[in-house]
Amino acid sequence: MTTRIQSPRMLSLGGLLFTAVFAAASYPDCAFAQSPVTGYQTVGRDIAVNSAIDILVYSGRASAIDFSSTDEAVAYVLIADPSKIVFSTDAQLASGKAKTVFLRPIQALNFPGATTATITNISIKTVDSKGKQRLYNFNIVPTNKEPEHLGIRIVPLTPRMEPTVNVDRGRAPAASDVEKGLLIAIQKGYTAANDPVVYSVRQFLALVRNQNLSAADAAARAGVDLSVIVELAKIAFESNYRSHKPTHI
């Protein structure tokens, strides 16, 4: 029996849930939930070097960018728009022992001639034990919502581990399936791109790609229900099935 995705309906539970409805019994309703998250957002070093990672900053709190899990020391720090953000490090940069950069929002200052941005960026150059330099860029995103993480922890790249949860037809979802399903869910309006659950799913993807975690452990760390991951993979599978389905005239 061919299974088709019907028009999704949106549910609201504290503004954090979304769902997609499937026609067949094998595609039950599934709520996409955001759970409280503590700890750090973990990002693989290679991913962090090659892309700009968002770091959230909260009024009255400090957010950390931590390199303690690597052999790198922070050598240079630049905030493009310093009018609303200040930084400090856990050791003097000249000492070669600084491992963590702390960001704190402040009341806006006026620097004559300087430009400002709602979302600015911070550039951090590091040097590892062999003298290799790396340049990282992070988008500093101010937010008024409840804190989700303490900051970002950079970790060495470890072998990719895919989630090990059966989804459909005896298959298990790869991280690429979940990522594709998330993109489709956003494009089709199943959820808004700025919904907190989208952020959590991306956290899940970073964890399964960069750490030796099971799908269940990665989901728990990211604060996303495992059923969300399963449903996103199903969305991707269904999209692949429909795109390869023979056309009968």
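Mentor: At 30% relative accessibility, isoleucine 106 counts as partly exposed, because the class partly exposed lies between buried, under 20% relative accessible area, and exposed, over 50% (1.4 Å probe, protein chains only). This is a predicted model, in which local features need pLDDT of at least 70 and side-chain atom pairs count only at pLDDT 80 or more, while totals for chains, interfaces and linings use all residues. Residues are numbered from 1 along each chain as its sequence is written, and side-chain values use heavy atoms, with hydrogens and water left out.

Isoleucine 106 sits in the loop between β8 (100-105) and β9 (120-127); strands here are DSSP runs of E with at least two residues, and helices are runs of H or I with at least four, numbered from the N terminus. Together with Leu109 and Phe111, Ile106 makes a nonpolar patch on the surface, with about 240 Å² of accessible area for the three together. Such a patch takes residues with over 30% relative accessible area and no salt bridge, and joins nonpolar side chains (Val, Leu, Ile, Met, Phe, Trp, Tyr) within 5 Å and like charges within 9 Å. A salt bridge is a side-chain nitrogen of Lys or Arg within 4 Å of a carboxyl oxygen of Asp or Glu. The areas come from the Shrake-Rupley method with a 1.4 Å probe, and for residues only the protein chains shown count as cover.

Two strands pair if DSSP finds at least two bridges between them.

On one side, β9 is joined by six bridges to β6 (residues 73-79), and the two run antiparallel. Leucine 78 has serine 123 in β9 as its bridge partner. Eight bridges join β9 to β10 (residues 133-143), again an antiparallel pair. Here threonine 126 stands opposite arginine 134 in β10, and the bridge partner of valine 127 is glutamine 133 in β10. Five residues lie between the strands of the β9 and β10 hairpin, where glycine 131 takes a positive phi near 90 degrees.
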